[in-house]
Each structure stands twice: as structure tokens, then as C-alpha cells.
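Me: I would like to learn how to read a protein model, one feature at a time. Please give me the general idea and then the case at hand.

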Amino acid sequence: MKKNIFIPLFLLLSSSLLTAQSFVPLIKGISASFRGLDTYSGNTVWVSGSKGTVGYSTDQGRRWQWVNPKGYETYDFRDIAVFSAKEVVVMSSGSPAIILRTTNGGKSWTEAFRDDRADIFLDAIDFDGRVGYALGDPINGLFQLFWTTDKGRSWKDVSDEMVLFADEEEVAFAASGSSIQLYKNTLFIGTGGKYSSIFAYNPKLLRVDKYDCPILSGEGSAGIFAIDFWDTKYGIAVGGNYMRDQENSNNVLLTRDGGMTWNRPQSPVSGYKSDVQFINENIVLATGTSGTDISRNGGQNWKKISDISFNVLAKSKNGKTVYFAGSNGDIYKLTLD
């Protein structure tokens, strides 16, 4: 197992001199496709991906340790959730679907969840404190949903308790772990495929709402790939068609009523996007294989700042640093002005 890999940093200017962003490479050429990314505090970042790959840095990406779980070398860890510098949960997609936990920085891993059904496919996990959910693609017309109240140590199948009905050929995407978001008591879920929608799932109110989302969809490769809500009402959905990643006809939408209605921004993102995140109330970043865009007015206007292909982004808890990872085994860091 390789540890303490160090790559000297050098500065790459972005394509936008007006916004003066700089993307700094941290890791290049790891033999894995990264889709899971999360941070803790201001210095710790964890990443997960294909070929059972899991790694972390505690010094803002200068040095990395790779702590791939033994016996899971063929698993694709599509999402990751970080509770502290050493307590982490990783989720695999495909069958069997598993969720692993570590409390010692990856020195050992415990299998907290396993589903051996041939048609199970997990898309994302998200937590708010100790409470979390894992979402899976539909089986027999119902999205699969699993619930934890102990930071992922144990999981309960709640798919039949407050059902999430899927329309024909409707799915969720496991592109960045951002197709769901748990905000306080509401779990927001973005879907795609032949039909795109937003679920607002609130078990405390015994309520599930499903709203149309008119983002680019209609094919198995299109729809909502990521969502982010600033509060219970104001949110952003991004996506498009990953098979035509330069197309930007209808890849980003905004809501101000919790997903009931959606509107296009004043200017769009530059192409297909697989992840989006509010850095603060005004600054929003969206990334994908088409590159990275920034908005400085809450998602209304977008400007491309990089052509580098990424799958996922995550901000540090203090919002000063943003990390990016992609399919070529690369990890970058962006420091905003």
C-alpha cells in the first residue's frame, strides 16, 4: 500500500483572468476514477473511486495516504462521507452494494451495510449530523432508500415506509454523490433518465412530494446529476447529457420554492455538469467533464473558469478551498479570491 505520496505544487492559471481563479494539481495519474469527495475542517480531504480506491490528506492535499480497504479491490466507491479526520463512510455502487466505515483513518474497515440483490445500485449517501440516507435506483417501480441514525453504523431499509414512486425509466445518477441532499429534516432527491423530478422526503411530517423538473432529460444519459440547496427553498439543479457534454441548452435550473417550480438562470453553464455547490450565498461552482463554471450572484449568471474534466467537487468547511476530482485519477485544489 502506497503512503505519503508527495507531488510538488505549481500554479496553473485558469482560462478566466477576470476572476483570477487558479487550479493547483495535487495528485495526477492515480489508476482510478474518482467520484467520492468530502472534507473535514479546513485541512482534511478524503476521496474515493473505482478499483477500491480510498485516500486522504490532512494538510490540504500536499501529502496523501492511500487506505484502500482490503478485499474490496474491485468495488467502485462512488460516494464518501467524512465525520472527522479519521471517521469516514464509503459507499459502493453496483451489486453487491456495500457501505464501509472506518474510525481510525482507514487502518481498518467495517462492513456496515450489504445488499446482494442483483438489481441493487446505490447512487448517493448524505448526512446531517448522525442521521443519513442512502439512495438506490428503482426496483419494482420504487426508489430504494436506506436510513441510519448512528452515522452509518447500522442501516434500515425504509423503501416501503414512505414510497418514492419512479416513473417509467426514471433513475438517479451516481456521478458525484450529489443527486441527494439532506437539509435539516428534508431529503431532496434529483432524478433523470426518461423523466426528471425532485423528491422532497420528510418523514417527520409524514410527507413525500414529487415535482417535475424541466431540465434536459428524455434519455438514459440525461437529467439531474446534482443538486444543492442553500436553504429549504432556494436550490440549484445541474446536469444535462453526459454523452453530449458540450451541449448547454438546458443544463441548470433554479428554484425558490423548495423544488415546486424551476426557472432558467440569466446565463447558462457551459455544458454538462455532474456536481454543483454553494460556496456561500452568492458564489456557486458547477463542474463536469465539460469543465468548471462559477456564478457570483447565486446561480443567475455563469462564467467558465477551467476546461479540465472533473466529476465531483467539495469545499472545505471554512469555504476557503475547493477540491476537484475526476476520471483520470487527478485531484486539484482551487483557492477563491
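Me: Is Arg-207 buried, exposed or partly exposed?

Reply: This is a predicted model, so what follows is computed from predicted positions. A relative accessible area under 20% counts as buried and over 50% as exposed, with partly exposed in between. Arg-207 has 46%, so Arg-207 is partly exposed.

Me: Which residue forms a salt bridge with Arg-207?

Reply: To find a salt bridge, look for a side-chain nitrogen of Lys or Arg within 4 Å of a carboxyl oxygen of Asp or Glu. Here the partner is Asp-209, and the closest N and O atoms are 2.7 Å apart. Asp-209 has a relative accessibility of 17%, so Asp-209 counts as buried.

Me: How many salt bridges are there by this rule?

Reply: The count comes to 19. One of them joins the side chains of Lys-210 and Asp-167, with 2.6 Å from N to O. Lys-210 lies in strand β21, residues 207-212, while Asp-167 lies in the loop between β15 (156-157) and β16 (170-171), so this pair ties together parts that are 43 residues apart in sequence.

Me: How accessible are Lys-210 and Asp-167?

Reply: Lys-210 is at 29% relative accessibility and counts as partly exposed. Asp-167, at 36%, also counts as partly exposed.

Me: What other residue forms a salt bridge with Lys-210?

Reply: Glu-170 does, with the closest N and O atoms 2.8 Å apart. Glu-170 is in strand β16 and Lys-210 in strand β21, so the bridge ties together parts 40 residues apart in sequence. Glu-170 has 2% relative accessibility and counts as buried.

Me: Which residues are linked in a network of salt bridges?

Reply: Such a network links Glu-87, Arg-101, Lys-151 and Arg-153.

Me: What does the side chain of Ser-159 make polar contact with?

Reply: For a polar contact, start with N or O atoms within 3.5 Å of each other. A polar atom of the Ser-159 side chain lies 2.9 Å from the backbone nitrogen of Leu-145. The side chain of Ser-159 also makes a polar contact with the side chain of Asp-157, at 2.7 Å. Setting aside neighbours within four places in sequence, Ser-159 is in contact with Leu-142, Phe-143, Gln-144 and Leu-145.

Me: What does the side chain of Asn-250 reach?

Reply: It reaches the backbone oxygen of Pro-214, at 2.5 Å. Asn-250 sits in the loop between β23 (235-241) and β24 (252-255). With a relative accessible area of 10%, Asn-250 is buried. Not counting residues up to four places away in sequence, Asn-250 touches Pro-214, Ile-215, Leu-216 and Arg-264.

Me: Where is Met-243, and is Met-243 buried or exposed?

Reply: Met-243 is also placed in the loop between β23 and β24. Met-243 is exposed, with a relative accessible area of 58%. The C-alpha atoms of Met-243 and Tyr-272 are separated by 8.8 Å, and the two residues are 29 residues apart along the chain.

Me: What does the side chain of Asn-311 reach?

Reply: The side chain of Asn-311 reaches the backbone oxygen of Phe-34, at 3.0 Å. Asn-311 is in the loop between β28 (303-306) and β29, and is buried, with a relative accessible area of 4%. Leaving aside neighbours within four places in sequence, its contacts include Ser-33, Arg-35, Ala-175, Asp-275, Thr-287 and Gly-326.

Me: What is the volume of the largest pocket?

Reply: Rolling a probe the size of a water molecule over the atoms shows where empty space is left. The largest pocket here has a volume of about 860 Å³. It is lined by 36 residues, and the closest to its centre are Asp-38, Asp-126, Gln-181, Gln-277 and Lys-317. Among the elements that give two or more residues to the lining are β4 (34-40), β12 (122-128), β22 (222-229) and β29 (312-315).

Me: How do the residues of this lining divide?

Reply: The lining of the largest pocket has 18 nonpolar, eight polar and ten charged residues.

Key. Residues are numbered from 1 along each chain as its sequence is written. This is a predicted model: local features need pLDDT of at least 70, side-chain atom pairs count only at pLDDT 80 or more; totals for chains, interfaces and linings use all residues. Side-chain values use heavy atoms; hydrogens and water are left out. Helices (H or I, at least four residues) and strands (E, at least two) are DSSP runs, numbered from the N terminus. Buried means under 20% relative accessible area, exposed over 50%, partly exposed in between (1.4 Å probe, protein chains only). A polar contact is a pair of N or O atoms within 3.5 Å; within protein, one must be able to donate a hydrogen and the other to accept it, and residues adjacent in sequence count only if both atoms are side-chain atoms. Contact means heavy atoms within 4.5 Å. On a 1 Å grid over the protein atoms alone, a cavity is a set of points where a 1.4 Å probe fits but cannot get out, and a pocket is an open set with protein on both sides within 12 Å along at least five of seven lines; lining residues have an atom within 4 Å of a point. Grid points are joined across faces, edges and corners, and a volume is the space filled by probe spheres set on the points. Ala, Val, Leu, Ile, Met, Phe, Trp, Tyr, Cys and Pro count as nonpolar, Asp, Glu, Lys and Arg as charged, and the others, Gly among them, as polar.
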